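Please examine the sequence and the model displayed below.

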Amino acid sequence: MAKTKELSKDTRNKIVDLHQAGKTESAIGPYAKLLLGAMKSSGCAVYKDRHFSCEDCDGTVSGGFDATSSQIVLCQNNIHQQSHMNRVVTHELIHAFDHCRAHVDWFNNFKHLACSEIRAANLSGDCSFHNEVSRFNFGLKKHHQECVRGRALRSILAVRKVSREEAEKVVDEVFDTCFNDHAPFGRIPHDKKDANFAYRDFENRDRYYANL
C-alpha cells in the first residue's frame, strides 16, 4: 500500500473526531458508534492517529484490518460515497473488535479468519436488503445467509492463497457458530433502525444490571 497522503488526515479526523464529539450517528452511523464503544469497554480504545490510515490501494479493495499494527486501512482511492465509507469502517471495526476480544490468530488459524469474515459480512450491513437490491441480488429463502457466506468466501480468497474448495470447507465448518455470534450488537442489525436499537441497548446495559 502507498504511503499515507495528506488527504488521509481529513478523512481520518472526520471518522474519529465526530465520534468523540458525539456526532457519529450522522457521520458514520450507529454501527460504528456501538463498535467504538464496545472496543473502549474492552480496553481497546481507538485513536485516530494510531488506528486509522487512509491510503491508495490496488485493484478494487476498499479497506482492510492490519492485525500486525492493529490499524484500520481505508482505501481513499476506492471509497467515493459516505454510505460506502460507513460500511467499510463498520466491517473493519468488527475485525478490530474480534482482534481485541478473541485474540484472533489471523495468520495461522484459518478458522479464526473465516469466523471473523463471516461476522463482518453478517453484522456490518454488507448484506442488507438495500445493498443487495443495489447489486441486483434479489432474495430467495435464506438469502441473507447465502450473501454472508459468499462475501466471507470472497474476502478470504482476496487475502489468502488457498483454493476455493479449501476456503468453502472452512467457511462451512464454522458458519453456524460464527453466523450466530452477534457480539457486540446482540442481534443482526439489518438496517440503521436495528443498529440504533442495538446501540441503545448497549448504552443502557450498565443501568439494567444495576437494577437487578
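Which residues does Asp181 touch, not counting residues up to four places away in sequence? They are Arg101, Arg119 and Leu123, where contact means heavy atoms within 4.5 Å. The model is a predicted one, in which local features need pLDDT of at least 70 and side-chain atom pairs count only at pLDDT 80 or more, while totals for chains, interfaces and linings use all residues. Residues are numbered from 1 along each chain as its sequence is written, and side-chain values use heavy atoms, with hydrogens and water left out.

Asp181 belongs to the loop that connects helix H9 (164-179) and helix H10 (192-203); helices (H or I, at least four residues) and strands (E, at least two) are DSSP runs, numbered from the N terminus. With a relative accessible area of 23%, Asp181 is partly exposed, given that buried means under 20%, exposed over 50% and partly exposed in between (1.4 Å probe, protein chains only). Between Asp181 and Ile118 there are 63 residues in sequence, yet their C-alpha atoms lie 9.6 Å apart in space.

Ile118 also takes part in the contact of H6 with H8: Phe110, Leu113, Ala114, Glu117, Ile118, Ala121 and Asn122 in H6 meet His144, Val148, Arg151, Ala152, Ser155, Ile156 and Val159 in H8. By class, these residues are 9 nonpolar, 3 polar and 2 charged; Ala, Val, Leu, Ile, Met, Phe, Trp, Tyr, Cys and Pro count as nonpolar, Asp, Glu, Lys and Arg as charged, and the others, Gly among them, as polar. The axes of helix H6 (residues 110-123) and helix H8 (residues 143-159) come within 8 Å and cross at roughly 130°. Axes are lines fitted to C-alpha atoms, for helices over the stretch in contact, and angles run from 0 to 180 degrees between N-to-C directions. H6 and H8 are therefore oblique to each other, since angles under 35 degrees count as roughly parallel, over 145 as roughly antiparallel, 65 to 115 as roughly perpendicular and the rest as oblique.

His91 is situated in helix H5 and, at 11% relative accessibility, counts as buried. Not counting residues up to four places away in sequence, His91 touches Glu117, Ala120, Ala121, Ser124 and Asp126.

The sheet remains. Its 3 strands form an open sheet of mixed pairing, in the order S1-S3-S2; two strands pair if DSSP finds at least two bridges between them. Strand S1 (52-55) and strand S2 (63-66) are the edge strands, each pairing on one side only. Helix H5 (residues 82-102) packs on the sheet and touches S2 and S3.
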